[in-house]
Amino acid sequence: MRVIVVGAGVVGTMHAWQAVERGHEVVQIEREAEARGASLRNFGQIWVSGRAGGEELETALRARELWEEVGDRVPGLGFRPNGSLTPVRGELELAVAEAAAAREDAAARGRKLLTRDEARALNPALRGEFTAALYCERDAAVEPRTAQLALRAELLKSPNYIFRPGREVREVIGHRAVRDDHGDVHGGDVVILCTGAWLGGLVRELAGPDLPVRRVRLQMMQTAPLGEPLTTSVADADSFRYYPAYASTALDALNAGQPQPETAAAHRMQLLMVQRADGGLTIGDTHEYEHPFAFDTVEDPYDHLTEVVESLLGRPLPRILRRWAGVYAQCTDPGRVVHRQQVRDGVWLVTGPGGRGMTCSPAIAETTAEELGW
């Protein structure tokens with residue numbers, strides 16, 4: 001079988017990986033020299049802890065297994081099973097953490113409620129004041145800026161894989177072929193469009209104007225090296241408000257009795273923080289849903305994140321080296337992990353994982369392969 005994959009972000013690259021692993025020929029086409037979208041502009045978190053129960057959690061857990069398997073083969077991914085801690089303060093936040101630790105699927109996530117001293121023993125960098133912390137053992141991390149490069153370097157060892165960068169696919173030709181902006185036609189047995197947040201042009205033409213996917217913009221930042229290990233990923237209690245796995249009467253009480261700070265609420269914020277291989281911290285994030293998106297970044301969210309991080313670390317944050325904005329595609333139905341649609345005979349669109357893309361992409365690609373009978 002010959003598979004044409006359009007898009008070289010993490011979802012597209014994992015589809016290419018699945019196809020090559022199953023013995024098929026792959027041509028992967030990318031409009032940039034390398035992917036530059038949401039697959040690079042994220043935390044690199046394999047985030048099991050906040051996923052909704054049912055299909056979403058099952059997908060995330062399977063993806064976590066696949067990430068570890070691939071990470072063993074591709075050290076450049078920087079895969080590490082670091083887990084996560086969500087420190088909480090006060091009775092309202094603690095009640096949400098207790099409810100999360102008592103869920104039927106808590107064991108599958110590796111959740112456990114830790115005392116402050118237990119959390120500090122696990123992650124000594126957390127010297128700030130907090131009451132307790134929710135631990136999720138199944139969370140992990142990779143290096144987002146280099147993961148696709150490492151995966152591609154491994155793929156290129158296979159004679160069955162061809163990478164065609166700097167080519168924008170403009171049209172579908174007949175059955176199971178595409179033409180790029182160089183005029184070249186790439187034909188195969190199946191075409192997989194993994195175009196990320198690029199939802200206009202050819203995607204709109206193929207899928208129609210009512211594609212149940214929206215674009216979401218975020219802001220993030222990265223610091224200079226911390227100077228000590230941050231042994232787990234770290235979230236704050238605002239993540240309880242954002243992720244579906246924390247829904248409970250305790251969360252309702254938190255939202256009613258302890259609203260978010262004004263800046264966090266205005267920008268739909270939570271804290272997520274991961275230490276990079278160089279010792280720096282990736283910190284975010286905001287969520288903007290209304291179009292048109294702003295073209296610039298604003299400082300208030302960064303000030304808020306800095307304050308939250310410093311309160312947890314009990315020390316000043318290292319100098320900020322980078323700030324950026326990114327856009328990802330998200331299914332409008334929150335119960336759907338991804339939008340997978342046959343848009344022409346032998347041509348499939350796979351998009352809309354939202355903030356789950358880095359976490360779930362290996363399992364999303366595996367499901368595509370199995371459903372299409374690769």
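**Reading the open sheet**

Trainee: Which residue in β8 stands opposite Gln28?

Mentor: Strands here are DSSP runs of E with at least two residues, and helices are runs of H or I with at least four, both numbered from the N terminus; in this case, Gln28 stands opposite Phe163 in β8. The model is a predicted one, in which local features need pLDDT of at least 70 and side-chain atom pairs count only at pLDDT 80 or more, while totals for chains, interfaces and linings use all residues. Residues are numbered from 1 along each chain as its sequence is written, and side-chain values use heavy atoms, leaving out hydrogens and water.

Trainee: How many bridges join β2 to β8, and in which order do the strands of the sheet follow?

Mentor: Two strands pair if DSSP finds at least two bridges between them; β2 (residues 25-30) and β8 run parallel and are joined by five. The open sheet has six strands, ordered β8-β2-β1-β12-β19-β18, with mixed pairing. At its edges, β8 (161-165) and β18 (339-344) each pair on one side only, and from one strand to the next the twist averages 20°.

Trainee: Which strands does helix α1 lie across?

Mentor: Contact means heavy atoms within 4.5 Å, and angles, from 0 to 180 degrees, are taken between N-to-C directions of lines fitted to C-alpha atoms, for helices over the stretch in contact. Helix α1 (residues 10-21) lies across β1 (2-6), β2, β8, β12 (190-193) and β19 (347-351), and runs at about 170° to β2. Helix α12 (residues 357-371) also packs on the sheet, where it touches β12, β18 and β19, its direction making about 45° with that of β18.
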